[in-house]
Amino acid sequence: MAATIRLQREPFDAAAEAAALARGRTDIGAIVTFTGICRGEENGAPIAALTLEHYPEMAQAEIARQVEAAEARWSLLGLCVIHRFGRIEPGAEIVLVVTASSHRHDAFAAAEFLMDYLKTHAPFWKQVEQAGAKSGDKSGDKTWVAAKSSDESAAERWVNAEQIGREQP
Amino acid sequence: MSVKLLYFAWVRERIGKPAEEVEPPPGIATVADLIAWLSKRGDEYAHAFENPKVIRTAIDRAHVKTDAAIAGAREIAFFPPMTGG
């Protein structure tokens with residue numbers, strides 16, 4: 001199954017990526033396209049930008065492992081993950097997950113699984129640049145975003161669900 | 001045996017460099033041993049590793065727990081919990 005994984009600084013076009021995945025195919029009955037977007041506030045305060053640091057070699061390997069896990073678990077006909085790094089402003093896209101299958105259940109489930117794992121296992125770290133910094137200020141000061149326990153719980157439920165599935169007679 | 005260490009995010013900021021080569025002495029067998037040994041190298045390391053519970057580790061680009069053996073590792077990375085996606 002063709003899987004595209006890209007790490008890039010530049011913006012991406014979600015619709016174009018989904019269209020490319022499905023082009024010429026008549027076996028695909030469902031495409032789910034998820035885009036993660038930079039919001040304009042963090043912890044109630046407006047932000048100027050997010051900056052994403054990453055560990056490039058590991059990010060590629062880790063996302064490939066997650067994609068492999070998704071392929072093993074659901075019937076997928078196509079998959080695309082794009083994750084940006086560098087400076088990203090509010091309203092701009094950060095991450096894309098596209099999944100394709102014959103029927104909708106697998107496409108939805110695989111997309112959610114991949115997002116839950118990207119949030120907790122992909123080696124990226126966000127810094128927030130606060131809004132309102134004037135030139136001459138001690139700006140360029142950035143603070144690290146803290147990981148959320150709700151993201152950890154979201155990733156864990158896929159493990160629990162799989163274990164329960166295995167225990168079923 | 002020397003091993004390359006990589007530091008990311010605020011771990012890198014506290015230690016003051018993104019990477020280095022180290023030669024842990026015999027007896028440093030696990031990730032937890034390595035973190036304890038690194039913490040003694042200086043204040044900046046102690047500061048970076050002051051709360052080992054929030055340090056995540058990868059050996060050769062795969063996540064590991066702190067009881068993982070470091071023998072044979074070529075690259076060990078230390079970083080805070082991830083915030084990608």
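1. The sheet in chain A. In this predicted model, four strands of chain A form an open sheet in the order β1-β5-β7-β2, with mixed pairing. Its edge strands are β1 (3-8) and β2 (30-37) of chain A, each of which pairs on one side only. From one strand to the next, the twist averages 5°. In general, strands of a sheet pair through backbone hydrogen bonds, in either the parallel or the antiparallel sense.

2. The parallel pair. β1(A) pairs with strand β5 (residues 78-84) of chain A in the parallel sense, over 6 bridges. A point of reference for a reader tracing this pair is A:Ala3, which stands opposite A:Leu79 in β5(A).

3. The antiparallel pairs. β5(A) and β7(A) are joined by 6 bridges and pair in the antiparallel sense.

4. Burial of β7(A). Is this strand enclosed or open to the outside? Of the 9 residues of β7(A), 8 are buried, so the strand is largely enclosed by the rest of the structure. A residue counts as buried here if 20 or more other C-beta atoms lie within 10 Å of its own.

5. Helices on the sheet. α2(A) lies across β1 and β5 of chain A and runs at about 155° to β1(A). Helix α3 (residues 104-121) of chain A also packs on the sheet, where it touches β2, β5 and β7 (93-101) of chain A. The direction of α3 makes about 150° with that of β7(A).

6. Helix α2 by itself. This helix (residues 56-73) of chain A has 18 residues. From first C-alpha to last it reaches 26 Å, close to the 26 Å expected at 1.5 Å a residue. Which of its residues are buried? They are A:Met58, A:Ala59, A:Glu62, A:Ile63, A:Val67 and A:Ala70. These residues cover an arc of only 165° around the axis, which puts them on the same side of α2(A). The face turned away from that buried side carries the exposed residues A:Glu68 and A:Ala72.

7. Further strand pairing in chain A. Strand β4 (residues 45-54) and strand β8 (residues 124-130) of chain A pair in the antiparallel sense over 7 bridges. Within this pair, A:Leu52 has A:Lys126 of β8(A) as its bridge partner. β8(A) is also joined by 3 bridges to strand β9 (residues 142-144) of chain A, and these two run antiparallel. There A:Glu129 stands opposite A:Lys142 in β9(A).

8. A positive phi in chain A. A:Asn43 is in the loop between β3 (41-42) and β4 of chain A. Its phi is near 55°, a positive value in a residue other than glycine. Is A:Asn43 buried or exposed? A:Asn43 is exposed, since 9 other C-beta atoms lie within 10 Å and the limit for an exposed residue is 12 or fewer.

9. A positive phi in chain B. B:Asp60 lies in the loop between β3 (56-59) and β4 of chain B. Phi of B:Asp60 is near 45°, again a positive value in a residue other than glycine. With 14 C-beta neighbours inside 10 Å, B:Asp60 counts as partly exposed.

10. B:Val64. This residue is in strand β4 (residues 62-64) of chain B. B:Val64 is partly exposed, with 18 other C-beta atoms within 10 Å. Apart from neighbours within four places in sequence, its contacts are B:Val31, B:Thr57, B:Ala58 and B:Ile59. B:Val64 and B:Ala32 are 32 residues apart in sequence, and their C-alpha atoms are 11 Å apart in space.

11. Contact between the chains. How many residues of chain B are in contact with chain A? There are 15 of them, in contact with 21 residues of chain A. α1 (9-15) and β5 (75-79) of chain B each supply at least two residues of the side of chain B that touches chain A. By class, that side of chain B has 10 nonpolar, 4 polar and 1 charged residues.

Technical notes: Residues numbered from 1 in each chain as written. Chains lettered and ligands numbered in written order. Predicted model: local features only at pLDDT ≥ 70, side-chain atom pairs only at ≥ 80, totals over all residues. Expected span 1.5 Å × (residues − 1). Arc of directions from axis to C-beta. Pairing = 2+ DSSP bridges. Contact = placed C-beta atoms within 7 Å. Nonpolar A, V, L, I, M, F, W, Y, C, P; charged D, E, K, R; others polar. Axes fitted to C-alpha atoms, helices over the stretch in contact; angles between N-to-C directions.
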